Amino acid sequence: MIARIPPATRREMGLLNAAITSVLGVVAGTERPNLFTTLARHRRMFRPWLRFAATLMPAGTLPSADTELVILRVAHRCGCDYEWHHHTGLAREAGLTGPQIEAVRGGVDDPVWTPRQRLLLTAADELHATRTISDETWRELTAELAQHQLVELPVLVGHYEMLAMTIHALRIQPDRPRPDTAPVRLVRAVRSRLRGRAA
């Protein structure tokens, strides 16, 4: 299976978008981030979408461990290997353990989950399956999350479902790891800058 739309070249996406995708590639540890370089073909959409996406990750108001847990669950439920591979490393950095990451592919009753994590997984599953959250789950969520986080959660799930659909539809290919590893300080500085710009 090959990509339906190949990633844009530097000339095709423009110099600014090329610079942005290059930085994002460093952060992601990829030689060329195929999702970003493909979406950058739509120059008018690309940067506004990035700004919106950044308000969810990395600059969301949910703790990063919660955000990455939900994203991994969406990736699993949507069968999106691209999202799964991209976010497993981010999930570890956010504090999820190896057994927890593997358990995302299983049921919500796994003993590795805290009650809060189990609740977030249940909400993600309900949104995926029914496009809403049940009254019972909502009541439990209101005891855990602030109102702005209650708004953010379904938007986060919906955004990554949309991305999974786009990845599948365009047949975006897996990224290749960078031959060299960017310095940890550089990666952290770039992520911190992205958080600051999205705030």
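Colleague: Which helix gives the most to the lining of the second largest pocket?

Modeller: In this predicted model, α6 (81-94) and α10 (147-170) each supply at least two residues of that lining. The greatest contribution is four residues, and the helix that makes it is α6.

Colleague: Which residues lie closest to the centre of the second largest pocket, and how much space lies in it?

Modeller: The lining of this pocket comprises 13 residues, of which the closest to the centre are D81, Y82, I167, I172 and P174. By class, the lining has five nonpolar, five polar and three charged residues. The space in the pocket is about 280 Å³.

Colleague: How are the axes of helix α2 and helix α4 placed, and at what angle do they cross?

Modeller: Helix α2 covers residues 15-28 and helix α4 covers residues 43-56. Their axes come within 11 Å, and the crossing angle is roughly 40°. Angles from 65 to 115 degrees count as roughly perpendicular and those under 35 as roughly parallel; the crossing of roughly 40° therefore makes α2 oblique to α4.

Colleague: Is the crossing of α2 and α4 left-handed or right-handed?

Modeller: The sense of the crossing is a separate matter from its angle. As α2 passes α4, the crossing is left-handed.

Colleague: How do the residues of the contact of α2 with α4 divide into nonpolar, polar and charged?

Modeller: On the α2 side, the contact is made by L16, N17, I20, T21 and L24. On the α4 side, R43, F46, R47 and L50 take part. By class, these residues divide into two charged, two polar and five nonpolar.

Notes
Residues numbered from 1 in each chain as written. Predicted model: local features only at pLDDT ≥ 70, side-chain atom pairs only at ≥ 80, totals over all residues. Heavy atoms only, no water. Axes fitted to C-alpha atoms, helices over the stretch in contact; angles between N-to-C directions. Parallel < 35°, antiparallel > 145°, perpendicular 65-115°, else oblique. Left-handed = near helix turned anticlockwise from the far one by under 90°. Contact = heavy atoms within 4.5 Å. Nonpolar A, V, L, I, M, F, W, Y, C, P; charged D, E, K, R; others polar. 1 Å grid on protein atoms, 1.4 Å probe; cavity = no way out; pocket = protein on both sides within 12 Å on 5 of 7 lines; lining within 4 Å. Points joined across faces, edges and corners; volume = space filled by probe spheres on them.
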